[in-house]
Amino acid sequence: MQRVPNRVFGLINQVLAEIPILQKIGIDLGGITTQFQVKEAEIPLQIAPFYQAFSYHGKPDFILNVTRSPFYGPDLHNPKFTSTSWSYYQQDGRKIFKIQIPDLDGSPHSYLLEFFAKKQPPCLHVLLAETPVIIPPFGADALITAQLLSTGYGITLHACGIKVGEHGMLFSGVSGSGKSTTAGLWLKHGGSETTLLSDERVTLREQAGQYSIHGTPWHGKNYIPTNDSAPLERIMILRHGPDNILRLLQPAEAVKLLLQRAYLPYWDSEAMAFSLDLLHRLCQVIPCYDFGFTPDVRAVEAVWRQIDS
């Protein structure tokens, strides 16, 4: 990981110096709320600057205990899945992530994230000294969110999420397909009721058979995401094209394309089964379009015509 310039790191430290130290922190990440809390008084928590707009103070969906106590569990050998910065183990009914991530200044941080088979709060073991502990842990936020979502709550998609009034539209795309371009077009031409949820990653939630999209802190090119949500009405699969054409996709084709644009929990077979089933149900009831578009106001006008038709 490339070291952040000293000037930028200094600015981040200045912001952190103004953020209060707490014993518990609630965060709304993509429509699921998690309370990070400590039992040991000597562990102070501090919310990451980029997450202040996503702080939450109500009753959470999840509680995650943060501790520096020793990890009492099986020896971690033979991971089921390995990434560049973490490994995944499944032993004795536990799902365990061993995470080793450099901070913005290049200093290492090590964690064990432990999910239990019984209805017991997950536990985040902080293995290296860090005072205060930044919440959510740098570089592990998307992983924690993906694992929590996959327990029956939803999935994160690489997408631009747009809310117009109470109408939610999802513009999903691979890198370079035009998510940030679409965000800029809708902010400029979408009207006064247009809100950008995110131009990079959007969380999809299913509740009682209804689907909604939620802003996340993970954004793309200079657009500030919003801690807001909207009922999902349409999905557009983005690609650049010579004209603005929306083609309705069959559910099977839509699922295939969304799988390529989803943050999938490959490491966990149960979580993968849930995610696949969720996308299958979604594409049966929410219209999904292939959208070849031009990077100008005509793209916005084409979507409005489709909505009005």
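Let me begin with helices H4 and H5, which are oblique to each other, because angles under 35 degrees count as roughly parallel, over 145 as roughly antiparallel, 65 to 115 as roughly perpendicular and the rest as oblique. The axes of H4 (residues 251-259) and H5 (residues 269-285) cross at roughly 135° and come within 9 Å, where axes are lines fitted to C-alpha atoms, for helices over the stretch in contact, and angles run from 0 to 180 degrees between N-to-C directions. On the H4 side the contact (heavy atoms within 4.5 Å) is made by Pro 251, Ala 254, Val 255, Leu 258 and Leu 259, and on the H5 side by Leu 276, Leu 279, His 280, Leu 282, Cys 283 and Gln 284. By class, this contact has 9 nonpolar residues, 2 polar and no charged ones, with Ala, Val, Leu, Ile, Met, Phe, Trp, Tyr, Cys and Pro counted as nonpolar, Asp, Glu, Lys and Arg as charged, and the others, Gly among them, as polar.

A word on the basis: this is a predicted model, in which local features need pLDDT of at least 70 and side-chain atom pairs count only at pLDDT 80 or more, while totals for chains, interfaces and linings use all residues. Residues are numbered from 1 along each chain as its sequence is written, and side-chain values use heavy atoms, with hydrogens and water left out.

The second pair is H3 (residues 179-189) and H6 (residues 297-308), whose axes are 9 Å apart and which pack at an angle of about 75°, and that makes H3 roughly perpendicular to H6. Here Leu 185, Trp 186 and His 189 of H3 meet Val 297, Ala 299, Val 300, Val 303 and Trp 304 of H6.

Which residues have the most contacts inside the largest nonpolar core? In that core of 37 residues they are Ile 27, Leu 45, Val 66, Phe 97 and Ile 99, a nonpolar core being a set of buried Ala, Val, Leu, Ile, Met, Phe, Trp, Tyr and Cys residues joined through side-chain atoms within 4.5 Å, and buried meaning under 20% relative accessible area with a 1.4 Å probe, protein chains only. Helix H2 (residues 141-149) gives the most to this core, with 6 residues. A second, separate core of 27 residues includes Ile 155, Leu 170, Leu 197 and Leu 279, and Leu 279 is also one of the H5 residues in the contact with H4.

Methods
Helix = DSSP H or I, 4+ residues; strand = E, 2+ residues; numbered from the N terminus. Buried < 20%, exposed > 50% of the residue type's maximum accessible area, 1.4 Å probe, protein only.
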